[in-house]
Amino acid sequence: MSTEWSVRAITRAMLPVLLVLTVVELGSGLVLGSFEERLLASPSLLVLVPVTIGTAGNLGSILAARLSTAFHLGTLSFSPRDDVLMGNALATVALAVTLFPAVGLGAWTLAELLGATTLSPVTVAAIALAAGVALAVLAVAVTLAATYAAYRFSLDPDDVVIPVVTNVCDVLGVVVLFAVVIVFT
Amino acid sequence: MGLRDVAREAYREALPALAASVVGGLVAGVVLGEMQAELQAVPGLLVFVPALLATRGNVYGSFGARVSTGLHQGLVEPRVRAGDARLRRAATAALLNGVCASVFAAALAVVVLRALDSPVASAGVMLAIALLAGVLSGIALTAVVVVVVFAGYRRGHNPDALVGPIVTTTGDVFGVLFLLLSVRAVLAAVGLLGGGA
């Protein structure tokens, strides 16, 4: 295979998608901007922002990569009885349940070291856990939908699913964090 | 493999990389937490943060995947000193696209926030910050991706498995860190020139 390694060929392949994804990300930025005052008032929540966005995107992209490999190997079927599908979905939620309380406590501890925190560690851990579980469920749904769509339109899931899932999960990360913060504080 | 085995294997495989990226994300969060003064001084800056961080992942993740495929195919020699022409072109393209996307995000943020009647810093300040942050974090990430992928490959690791965790972990940290530096530099320059932000 002779993929062209010229600046022009790479840019032509990458830039259009990149600009579309940037527009999507700006949507998540606008949500973030809309609760900027609340974030600035609670330093532990501000610390939570990058890690929540990043972990949501990572959960989605790891699931997408695994499903895509299973798809190429022919071991994946889109049925709720499919062990590969359900096992990976279950693992995604379990990962969120393991990681997010630690994320919350970590964010609170770091914010406390930086200066005064306004929320209790339990509240921040609860916010992180609730956001994390909601995000894991959404990441599973988005990944399944994107992988299925790639399969229906006979696209290679390796090319399309991971960027779509990562960026959609980034946006959902901010939206879910926003919703959870409103419920909990 | 049964459901339980699939779930257990997927969990075990993903946990270390995710835990590493969580540490990176928290460090990025600390830097963002330290940026409160800058966020207030440059209204609209926070709106631009997710796009900046995502660009890092999208561009340099894809650059890393390309280098790693090139190594597998024998198109790229795993030595930084070799100054491989393909590698230089791929790095140039990544840098160019990354900076383009950053500047585009800042320009669009200014346009949208103005249309929404939300407070936003001047276009000059936002674009200068985006340009500087895009160039600085791009250079740093290109270097990290190349060095780590080459070093990993020469030690017999699969570069495909290295790229994702490296880019997500260092991308967030460098993205926010160089954003902070760029904001401070641009605000200092504006102060020196005596203009209002």
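**Entry: ground rules**

I note that this is a predicted model, in which local features need pLDDT of at least 70, side-chain atom pairs count only at pLDDT 80 or more, and totals for chains, interfaces and linings use all residues. Residues are numbered from 1 along each chain as its sequence is written, while chains are lettered from A and ligands numbered from 1 in the order in which they are written.

**Entry: the two chains**

I read the secondary structure of chain A as six helices and zero strands, in the order α-α-α-α-α-α along the sequence. Helices (H or I, at least four residues) and strands (E, at least two) are DSSP runs, numbered from the N terminus. The C-alpha trace of chain A spans about 55 × 45 × 25 Å along its principal axes.

Chain B also has six helices and zero strands, and its pattern reads α-α-α-α-α-α. I noted a span of about 60 × 45 × 25 Å for the C-alpha trace of chain B along its principal axes.

Next I looked up burial. A residue is buried if 20 or more other C-beta atoms lie within 10 Å of its own, exposed if 12 or fewer, and partly exposed in between, with C-beta atoms placed from the backbone. Of the 185 residues in chain A, 51% are buried. For the 197 residues in chain B the figure is 53%.

For contacts, I used the rule that two residues are in contact if their C-beta atoms, placed from the backbone, lie within 7 Å. Taking contacts in chain A between residues at least 6 apart in sequence, 78% join residues at least 24 apart. In chain B, 81% of such contacts join residues at least 24 apart.

**Entry: α3 against α5 in chain A**

Helix α3 (residues 43–73) of chain A packs on helix α5 (residues 121–152) of chain A at an angle of about 30°, and their axes are 9 Å apart. That makes α3(A) roughly parallel to α5(A). Axes are lines fitted to C-alpha atoms, for helices over the stretch in contact, and angles run from 0 to 180 degrees between N-to-C directions. Angles under 35 degrees count as roughly parallel, over 145 as roughly antiparallel, 65 to 115 as roughly perpendicular and the rest as oblique.

I found the crossing of α3(A) and α5(A) to be right-handed. A crossing is left-handed if the near helix is turned anticlockwise from the far one by less than a right angle, and right-handed if clockwise.

The residues that α3(A) brings to this contact include A:L48, A:A56, A:G60 and A:F71. Among those they meet in α5(A) are A:V124, A:L135, A:T143 and A:Y151. By class, the residues of the contact of α3(A) with α5(A) are 16 nonpolar, six polar and no charged. Here Ala, Val, Leu, Ile, Met, Phe, Trp, Tyr, Cys and Pro count as nonpolar, Asp, Glu, Lys and Arg as charged, and the others, Gly among them, as polar.

**Entry: after α5(A)**

A:S154 follows α5(A) and has a positive phi, near 40°. A:V160 lies in helix α6 of chain A. I logged A:V160 as partly exposed because it has 18 C-beta neighbours inside 10 Å. Not counting residues up to four places away in sequence, A:V160 touches A:A150 and A:L155.

**Entry: α3 against α4 in chain B**

Helix α3 (residues 45–73) of chain B and helix α4 (residues 85–115) of chain B cross at roughly 165°, with axes that come within 9 Å. The two are therefore roughly antiparallel to each other. The crossing of α3(B) and α4(B) is right-handed. Their contact has 17 nonpolar, five polar and two charged residues.

**Entry: where the chains meet**

How many residues of chain A are in contact with chain B? I read 55, facing 54 residues of chain B. On the chain A side, α1(A) gives the most, with 17 residues. That side has 36 nonpolar, 14 polar and five charged residues.

I checked B:A109, which lies in helix α4 of chain B. B:A109 counts as buried because it has 28 C-beta neighbours inside 10 Å. Leaving out residues up to four places away in sequence, B:A109 touches A:L26 and A:G29, as well as B:G44, B:V47, B:F48 and B:M126.
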